[in-house]
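Morning, everyone. Let me put the model up, and then we'll walk through it.

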Amino acid sequence: MKPTPPDTPPAPGLPTPPATHPGPTARAQDTDPALDRIKARLASGELYSAHDPDLLPYRQRCMELLDQVNSTALGDVRTRERLLGDLLGRIEPGGWVMPRFLCEFGFFIELGPRTRVNFDVMMLDCAPITIGADVLVAPRCQLFTANHPFDPDLRRTMWEYAKPITVGDRVWLGGGVTVLPGVTIGADTVVGAGSVVTKDLPPKVLAVGNPARIVREL
């Protein structure tokens with residue numbers, strides 16, 4: 001029997017997110033040539049040093065904004081919207097993120113319209129994380145773009161690399177799902193709670209387990 005994802009109204013006692021969102025605004029980071037160079041280097045998939053001093057100001061900015069996002073009252077949707085507009089690379093109308101949210105840079109994260117990110121989600125965005133429209137990201141999901149070399153000497157000296165994650169429209173990631181670097185999840189796919197997605201998933205399938213395996217088509 002084909003499962004029907006719920007309409008996912010907010011849980012009792014939580015605020016109803018507004019139907020509209022002011023959308024992204026012009027920010028200093030949008031016209032920062034130094035940031036453009038850093039983003040291109042991280043997104044290339046080549047090794048980079050986690051201790052690179054050029055990264056520090058952007059990590060610091062992210063931490064400061066996260067502190068503000070995560071200290072907002074649950075009912076203060078407007079303030080959180082404004083802060084998320086500054087933190088994230090893009091958040092489309094109707095998208096929302098509940099605290100406590102964690103990421104590394106913020107500028108690599110793009111959320112499509114009406115996408116809902118629930119409590120305690122972590123997105124390690126050392127490469128682009130692109131999430132489509134009407135996606136449900138359940139509590140305590142983790143999306144990791146960063147990876148480390150197998151060479152122990154390179155790990156010891158904090159070299160790493162990153163690969164992008166793409167989540168298609170109307171995907172549902174169940175509670176505690178982990179998505180590993182370089183993964184693409186096709187539109188309308190459902191990933192069962194607690195699964196670890198180690199490789200691409202096509203559209204319209206149900207996948208569960210560690211590693212996540214396709215159970216059937218939807």
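Start with Phe108. Phe108 is buried, with a relative accessible area of 6%. Buried here means under 20% relative accessible area, exposed means over 50%, and partly exposed is in between, with a 1.4 Å probe and protein chains only.

Before going on, the ground rules. This is a predicted model, where local features need pLDDT of at least 70, side-chain atom pairs count only at pLDDT 80 or more, and totals for chains, interfaces and linings use all residues. Residues are numbered from 1 along each chain as its sequence is written, and side-chain values use heavy atoms, leaving out hydrogens and water.

Back to the rings. The structure holds 3 aromatic pairs. Rings of Phe, Tyr and Trp (its six-membered ring) pair if their centres lie within 6.5 Å; planes under 30 degrees apart are stacked, over 60 edge-to-face, and the rest tilted. Tyr58 and Phe107 make an edge-to-face pair, 6.1 Å centre to centre with 85° between the planes. What does that pair link? Distant parts of the chain. Tyr58 sits in helix H2, Phe107 in the loop between S4 and S5, 49 residues apart. Helices (H or I, at least four residues) and strands (E, at least two) are DSSP runs, numbered from the N terminus. Tyr58 is buried at 14% relative accessible area. Phe107 is buried too, at 4%. Phe107 also pairs edge-to-face with Phe108: 5.1 Å between centres, 65° between planes. Ring pairs join Tyr58, Phe105, Phe107 and Phe108 into a cluster.

Next, the cores. A nonpolar core is a set of buried Ala, Val, Leu, Ile, Met, Phe, Trp, Tyr and Cys residues joined through side-chain atoms within 4.5 Å. The largest has 37 residues, and Phe101, Met123, Leu143 and Leu173 touch the most other members. Which elements each supply at least two residues? Helix H2 (56–70), helix H3 (77–87), and strands S5 (109–111), S8 (129–131) and S13 (165–167). H2 gives the largest share, 4 residues. Apart from this core lies another, of 13 residues, among them Ile38, Tyr48, Leu55 and Tyr58.

Zoom in on Phe101. Contact means heavy atoms within 4.5 Å. Leaving aside residues up to four places away in sequence, Phe101 touches Leu66, Asn70, Leu87, Leu88, Ile109, Val117, Val121 and Met123.

Now the sheet. 5 strands form an open, parallel sheet in the order S2-S5-S8-S13-S16. Two strands pair if DSSP finds at least two bridges between them. At the edges are S2 (90–91) and S16 (184–185), each pairing on one side only. S2 and S5 run parallel, joined by 2 bridges. Arg90 stands opposite Glu110 in S5.

Most residues other than glycine have a negative phi, and most peptide bonds are trans. Where are the exceptions here? A cis peptide bond joins Pro99 and Arg100, with omega about 0°. Arg100 lies in the loop between S3 (96–97) and S4 (102–103). The bond from Asn210 to Pro211 is also cis, omega near -5°. Pro211 is in the loop between S19 (205–208) and S20 (213–217).

Then phi. Asp120 is not a glycine, yet has a positive phi of about 60°. Asp120 lies in the loop between S6 (116–117) and S7 (122–124). Asp120 counts as partly exposed because its relative accessibility is 35%. Asp188, also not a glycine, has a positive phi of about 70°. Asp188 is in the loop between S16 and S17 (190–191). At 22% relative accessibility, Asp188 counts as partly exposed.
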